[in-house]
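Have the sequence and the 3D view ready.

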Amino acid sequence: MRYDTDSHTPVMGYLLWIFGFLGSHRFYYGKPVTGTLWFFTLGLLGIGWIIDLFLIPAMDRQASMRFHTGRIDYNVAWILLTFLGVFGVHRMYQGKWITGILYLCTGGFFLIGVLYDFWTMNQQISIKNQIFNSSL
């Protein structure tokens with residue numbers, strides 16, 4: 001089975017940019033430090049949020065070069081994390097059933113686990129995809 005070489009998409013980046021003043025698009029592109037900064041400052045008081053409208057294509061290219069594509073789709077995982085993270089559905093999608101069920105029973109480990117996943121989701125998926133691709 002052959003996978004697309006583009007791990008992230010500009011369409012998803014722009015959709016998340018709509019909520020970008022909370023940093024969601026920056027987390028998606030693997031920039032958790034600035035994503036957190038955007039979250040606490042509302043996109044640097046809106047200025048950084050507007051500038052990011054023009055930076056998304058470059059962030060997309062960087063993310064696509066940095067993260068491995070494969071069986072687990074980044075876009076699906078990020079949608080599941082963003083909207084169903086406290087239920088652990090994104091973890092179950094990755095095959096992490098035990099922690100997924102624990103998230104379901106504890107509200108995403110009382111939201112701390114969800115925050116952790118916002119910081120590390122891209123790396124988690126990239127490692128899983130790399131392992132899966134090397135076993136082919």
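Which residues does H25 touch, not counting residues up to four places away in sequence? They are G13, L16, W17, G20, W38, D52, I56 and M59, where contact means heavy atoms within 4.5 Å.

Before going on, a word about the model. It is predicted, so local features need pLDDT of at least 70 and side-chain atom pairs count only at pLDDT 80 or more, while totals for chains, interfaces and linings use all residues. Residues are numbered from 1 along each chain as its sequence is written, and side-chain values use heavy atoms, with hydrogens and water left out.

H25 is found in helix α2, residues 24-28; helices here are DSSP runs (H or I) of at least four residues, numbered from the N terminus. H25 counts as buried because its relative accessibility is 0%. Buried means under 20% relative accessible area, exposed means over 50%, and partly exposed is in between (1.4 Å probe, protein chains only). The side chain of H25 also makes a polar contact, at 2.7 Å, with the side chain of D52. A polar contact is a pair of N or O atoms within 3.5 Å; within protein, one must be able to donate a hydrogen and the other to accept it, and residues adjacent in sequence count only if both atoms are side-chain atoms.

**Salt bridges**

The structure holds two salt bridges, each being a side-chain nitrogen of Lys or Arg within 4 Å of a carboxyl oxygen of Asp or Glu.

| Salt bridge | Closest N and O atoms |
|---|---|
| D117 with R91 | 2.8 Å |

R26 in helix α2 and D52 in helix α4 are 26 residues apart, and their pair links distant parts of the chain. Both R26 and D52 are buried. D117 lies in helix α8 and R91 in helix α6 (residues 89-93), so this pair ties together parts that are 26 residues apart in sequence. D117 and R91 are both buried too.

**Two helices with kinks**

Next, look at α4. Its buried residues are G48, D52, I56, M59, D60, A63 and S64, and what covers them includes α1, α2 and α3 (32-45). A kink of about 60° lies at F54 in α4, shortly before the proline P57. The bend at a residue is the angle between axes fitted to the seven residues ending there and the seven starting there.

α3 has a kink as well, of about 85° and centred on F39. The buried residues of α3 are P32, G35, T36, W38 and G43, and they pack against α2, α4 and α8. After α3 comes G46, with a positive phi near 90°.

**Around Y74**

Now turn to Y74, which is in helix α5. Why does Y74 count as buried? Because its relative accessibility is 1%. Leaving aside neighbours within four places in sequence, Y74 is in contact with residues including S7, H8, F67 and N122. A polar atom of the Y74 side chain lies 3.4 Å from the backbone nitrogen of S126. Y74 and T9 are 65 residues apart in sequence, and their C-alpha atoms are 9.1 Å apart in space.
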